[in-house]
Each structure stands twice: as C-alpha cells, then as structure tokens.
Amino acid sequence: MGAVGSSAATRRLSRTDCNYFLSADGTGCGGALRITDIYGEQLTADGIAVRPDVAQPTGVQFARH
C-alpha cells in the first residue's frame, strides 16, 4: 500500500498492474510518501522530485523477510 500526505492526513494509493502507485491528481509530488509492505513494515521516502513519466529511486529498501 502507498500513501501520500502528512501523518495526520494521509490518502491511500492503489497499486497498479505495473507495480506503480499513481496519484491521479498529482498529490504527493515532492512530498513525503509512505509505503507499507505485506508484513506491515513502513518506509517513508521524502523530498523526491517527482517528474512525469520518469521512475524515481527512493533511497529506501524494505528488510528481507
């Protein structure tokens, strides 16, 4: 699951078939993104300069389970 926004007001994003999280209205561009894996581990990626049609590395990685 992916989410955008502050900890007080996050909005859930669905994962697409191509394994990307998309925000149709552009919410989250340049802000914090929180990602939760199937085990409940959460990572936060902040300050990513999001550009259309460009994959952006986060610099964070889930633990191996």
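This is a predicted model: local features need pLDDT of at least 70, side-chain atom pairs count only at pLDDT 80 or more; totals for chains, interfaces and linings use all residues.
User: Where in the chain is Asp37 found?

Analyst: Asp37 belongs to the loop that links strand E3 (33-36) to strand E4 (42-45). The protein chain as a whole has four strands and zero helices, and its pattern along the sequence is β-β-β-β.

User: Is Asp37 buried or exposed?

Analyst: Buried means under 20% relative accessible area. Asp37 has a relative accessible area of 17%, and therefore counts as buried. Across the protein chain, 17% of the 65 residues are buried.

User: Which residues is Asp37 in contact with, leaving aside its neighbours within four places in sequence?

Analyst: Contact means heavy atoms within 4.5 Å. With those sequence neighbours set aside, Asp37 is in contact with Phe62 and His65.

User: How are contacts and surface summarised for the protein chain?

Analyst: Contacts can be sorted by sequence separation. Of those between residues at least 6 apart in sequence, 25% join residues at least 24 apart. The accessible surface of the protein chain is about 5000 Å², with 52% of that area belonging to carbon and sulfur atoms.

How values were computed
Residues are numbered from 1 along each chain as its sequence is written. Side-chain values use heavy atoms; hydrogens and water are left out. Helices (H or I, at least four residues) and strands (E, at least two) are DSSP runs, numbered from the N terminus. Buried means under 20% relative accessible area, exposed over 50%, partly exposed in between (1.4 Å probe, protein chains only). Accessible areas come from the Shrake-Rupley method with a 1.4 Å probe; for residues, only the protein chains shown count as cover.
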